[in-house]
Amino acid sequence: MLVKNWMSRRLITVDIDASMADAVKLMKTNDIHLLPVVDKEKLSGVVTDRDIKRASASDATALEMYELIYLLSKITVRSIMTRKVISLAPVMTVEEAAEILMKHKISGAPVVDENGVILGVITKSDLFRMLISLTGLPNRGIQFALKVKNRPGVIQDLVEIFGKYEGQLVNVLISHKPTTDEKFIKVYFRLFGLDRSKLAALKEDLLEKASLLYLVDYFENRREIYDADGDLAGRT
C-alpha cells in the first residue's frame with residue numbers, strides 16, 4: 001500500500017534544455033500526460049498537456065505551419081515547464097497520494113527520494129490498478145455488502161459464518177464513512193469458490209447478524225439490491 005509498490009518505474013523524462021518539440025514527441029509516443037523534467041538527474045519541473053497548450057496558444061498564434069515547426073524547435077522545456085512541482089515520497093501510502101492528487105486537481109505526480117532524484121511516477125491509472133487489486137476483483141467470486149452494528153468481535157462473527165460454507169474469503173473491506181446511524185458500519189466481503197446451492201443458506205445465516213445492502217455474483221453476472229429495511233428491491 002506504499003507509493004513505491006504501485007508507482008510506474010518506467011521512467012520517461014526530458015532534459016531541461018530539450019526543445020518543446022522533443023517534449024511533445026515523447027508525450028505522444030508514450031501516450032503520457034505528465035513528463036518530468038530533469039537537470040543532472042534531479043527533478044526540476046514537469047511538462048503537462050496544459051503547459052504545451054498554453055505555450056502553443058501564446059507563442060504560435062496565426063503562424064504558418066513551417067513557422068510553427070521552427071518555433072517549436074526553438075522553445076525550450078525550461079521556458080514552458082511548471083516549476084512548482086507536487087511530488088511524492090516513495091514511503092507515502094497510496095491513500096495519501098490519492099488525497100494529494102485530488103486536493104491539487106492533478107492526474108499524477110513524480111516520486112522522488114530525499115535527494116530529489118526521481119524514482120518513478122504515480123498516476124490515477126496506478127491508483128485504479130491498486131483499487132482493483134485491493135478489492136479482489138480479479139478473483140471475481142461473490143461480493144456481499146453488509147450493514148452491521150459496530151461492536152467488538154462483529155467482523156470475526158461474520159468471518160466464521162463465511163467459513164462454514166467452505167468458500168475462500170479473498171477480501172474484507174470496512175467503510176468508515178458515516179451511515180445514517182453512527183452505531184453501524186458497512187462491511188464488504190468477497191468470497192471465491194462458493195457452492196451456489198448453498199448461497200440461500202449463507203444469506204439466511206448472515207441476516208441473523210447483519211442487513212444485506214447488495215450481493216453481486218460476478219461469475220454468473222447476477223445482482224441483488226436491498227433497500228434500507230433489508231428487503232430485496234431489485235434483481236438483475
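**Sheet, hairpins and exposed loop residues in a predicted model**

Helix α2, which spans residues 20-30, lies across β1, β2 and β3 and runs at about 135 degrees to β2; contact here means heavy atoms within 4.5 Å, and the angle, on a scale from 0 to 180 degrees between N-to-C directions, refers to axes that are lines fitted to C-alpha atoms, for helices over the stretch in contact. Helices (H or I, at least four residues) and strands (E, at least two) are DSSP runs numbered from the N terminus. The structure is a predicted model, for which local features need pLDDT of at least 70 and side-chain atom pairs count only at pLDDT 80 or more, whereas totals for chains, interfaces and linings use all residues. Residues are numbered from 1 along each chain as its sequence is written, and side-chain values use heavy atoms, with hydrogens and water left out.

The three strands form an open sheet of mixed pairing in the order β1-β2-β3, two strands being taken as paired if DSSP finds at least two bridges between them. The edge strands, each pairing on one side only, are β1 (14-15) and β3 (42-48). In general, strands of a sheet pair through backbone hydrogen bonds, either parallel or antiparallel. Strand β2 (residues 34-39) runs parallel to β1, to which two bridges join it, and antiparallel to β3, to which it is joined by six bridges. Val38 of β2 stands opposite Asp15, and in β3 the bridge partner of Val38 is Leu43. Five of the six residues of β2 are buried, so that this strand is mostly covered, where buried means under 20% relative accessible area, exposed over 50% and partly exposed in between (1.4 Å probe, protein chains only).

Two residues separate the strands in the hairpin of β2 and β3, in which Lys40 takes a positive phi near 55 degrees. Glu41, found in the loop between β2 and β3, likewise has a positive phi, of about 75 degrees, although it is not a glycine. With a relative accessible area of 62%, Glu41 counts as exposed.

A second hairpin is formed by β4 and β5, with five residues between the strands and with Gly116 in the turn at a positive phi of about 85 degrees. Strand β5 (residues 118-123) runs antiparallel to β4, and five bridges join the two; Gly108 stands opposite Thr123 in β5. In the loop between α6 (94-104) and β4 (108-112) lies Lys105, a residue other than glycine whose phi is positive, near 55 degrees. Lys105 is exposed, at a relative accessible area of 72%.

Val172 lies in strand β7 (residues 168-175) and counts as partly exposed because its relative accessibility is 35%. The loop between β7 and β8 (184-192) contains His176, which is exposed at a relative accessible area of 71%. His176 and Asp195, 19 residues apart in sequence, are 31 Å apart in space, C-alpha to C-alpha.
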